[in-house]
Structures are given as structure tokens and as C-alpha cells.
Amino acid sequence: MITRMQPVSRCLGWLPLGLRHAYAVVKALLCGAFLSIALTLSAQAAADLDVNTPAVAAVKASMQSRHVQLLPYFQSGAVGLTADGFVAVKEAGLVPLSQRSALTALVKDENADRTNLYRGIAAANGHPEWEGEIQRTFAIRWIDKAQPGWFVQRDGQWLRK
Amino acid sequence: MNLTLIKKVAGLRGMRTAGMVLVATGLSACVTINIYFPAAAAEKAADKVIDEIWQVPAGQHPAADQPTVPATTPAVPAANQEPKP
């Protein structure tokens, strides 16, 4: 009987103590709740990623003007969108020999700009470590937004949209 | 009596440590929130940037601009023509 009663009496000893310091307990809980609300709000305020810094805008303008040159290659299937957020020459045979070196340079410049874009957005938002995640997000969205007939890479294979 | 006093003091200390642990948990939660990658925001930003680069709404912009242009242009010739006769 005594051994059974001991744990109960121990519990009863804690109960009034907890009640006596209920104020402290409530204060701590309220503090925690307030902290989490404030932090959630600040996290939501920062939920929009900044894509309008001068560096990012410059890269966007450069890519915008290059897109006019790349567009016929996307449409013919000479160039496709890779699964990792870049562009690649998919079928060089579709391009006249004289234009191939220009196309290679175009793809190289486009990919350099894309790297700068991903890195720039991550840096603009104070999180350079987000570059990989931003690149992955873009990779999916480039492919989703690609026009019908363009070639996109999925699971290591080229597919025509 | 002494034993109960010691128990009370120990209980008080326990409460304090519990409070400290709570605050520490709150603070660590705050750090965790900031480290999370805002996937939805990134997707939104990507859509915006891609639309700008590929000029996807190009087909929508002229359509939106056109109604405003004819609406203003007939008003001007009409005003000019009326005083003539």
C-alpha cells in the first residue's frame, strides 16, 4: 500500500506548486505564443522574393533580348530546356553548319545568364544558400511554361511538349 | 520541515528551468522559420521572371491597349469635324 501511495503523493506535491506558479507558467506560454506569432508574421512579410534588384534586372533584360534569337531554335527543336534549369543544344543537325558556332555561343551565354539569375535572386533576398532551390523551382517552371512543340528534358529524356 | 523546504526550493528551480527551456524552444523555432525556403514565393517569383523574359503576356498586352486607343482617337476627329460645317 505504501509503495503504491508514494507516486500519488509526489504528484499531489507538484500540483499545488504548479498552481502557485500558474502566473509564471501562463506568462511563459504567452511569451512563446507571442514570439511564434511575431515570427510567423515576419516570415510571411518576407514571403515575396525580391526579383527587382539592379543586378537581377540587368540579367533579365539580357535574357529577354536573347530570347528573340533563341526562339526559332526552341521551335525547331534544335535547343531544348534541361531538367536542371538550363538550355542545351538538343539537335545540332537542324541548324546549318555556318550557324552552329553562333548557336553554341548563344546557349553558353544563356546558361551563364541563368546561373547569374538564380544566384542573383538568392543574393537579393539575403540567402545565397537558396541558389540551388531557386534553380530547381525555375527548372520546373521553365518546362511548365514552355510552348507546345518545344523540347524539354524529363527523367534524362527529351520530350516534345 | 527542512525536507519540505528543500523540496519547495527544488520545485521552484524546476519551474525556472522549465521556463528557460520554453523560451529556448521559442527562440530556436524562430531561427528554424527563417531558414525555411519559401517554395511558394519562389514559384511566384519564377513565374513573374519567366513571363517577363519570354514575354508570355505579349498577346494580352496589345489586346488590353487596343480598346483604349480607338476609344480616344474617334473622339478627337469628331470634335474637329463638328465645328467645320
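Helices (H or I, at least four residues) and strands (E, at least two) are DSSP runs, numbered from the N terminus. This is a predicted model, in which local features need pLDDT of at least 70 and side-chain atom pairs count only at pLDDT 80 or more, while totals for chains, interfaces and linings use all residues. Residues are numbered from 1 along each chain as its sequence is written, chains are lettered from A and ligands numbered from 1 in the order in which they are written, and side-chain values use heavy atoms, with hydrogens and water left out.

**Stop 1: the loop at A:D155**

Select A:D155, in the loop that joins β3 (151-154) to β4 (157-160) of chain A. Its phi is near 55°, a positive value in a residue other than glycine. Most residues other than glycine have a negative phi. A:D155 counts as exposed because its relative accessibility is 79%; the classes are buried for under 20% relative accessible area, exposed for over 50% and partly exposed in between, with a 1.4 Å probe and protein chains only.

**Stop 2: chain A as a whole**

Of the 161 residues in chain A, 34% are buried. Among contacts (heavy atoms within 4.5 Å) with a separation of 6 or more, 52% in chain A join residues 24 or more positions apart. The accessible surface is about 9,600 Å², and carbon and sulfur atoms hold 63% of that surface; areas come from the Shrake-Rupley method with a 1.4 Å probe, and for residues only the protein chains shown count as cover.

**Stop 3**

Select A:Q135 in helix α5. A:Q135 is buried, because its relative accessibility is 18%. Beyond its neighbours within four places in sequence, A:Q135 is in contact with A:D84, A:F86 and A:Y118.

Move to A:Q69 in helix α3 (residues 54-76). A:Q69 has a relative accessible area of 47%, so this residue is partly exposed.

**Stop 4: chain B**

Switch to chain B, which has five helices and zero strands, in the pattern α-α-α-α-α. Buried residues are 18% of its 85 residues. The accessible surface of chain B is about 6,400 Å², with 68% belonging to carbon and sulfur atoms.

**Stop 5: α2 of chain B against chain A**

Two packed helices are described by the angle between their axes and the distance between the axes. Axes here are lines fitted to C-alpha atoms, for helices over the stretch in contact, and angles run from 0 to 180 degrees between N-to-C directions.

Select α5 (residues 131-145) of chain A and α2 (residues 39-54) of chain B: their axes come within 9 Å and cross at roughly 50°. The pair is therefore oblique, the class left once angles under 35 degrees count as roughly parallel, over 145 as roughly antiparallel and 65 to 115 as roughly perpendicular. On the α5(A) side, A:T137, A:F138, A:R141, A:W142 and A:K145 take part, meeting α2(B) residues that include B:A46, B:I50 and B:W54.

Which residues of α3(A) meet α2(B)? They are A:K60, A:M63, A:Q64 and A:H67, facing B:V49, B:E52, B:I53 and B:W54. The axes of α3(A) and α2(B) are 8 Å apart, at an angle of about 45°, and the helices are therefore oblique to each other.
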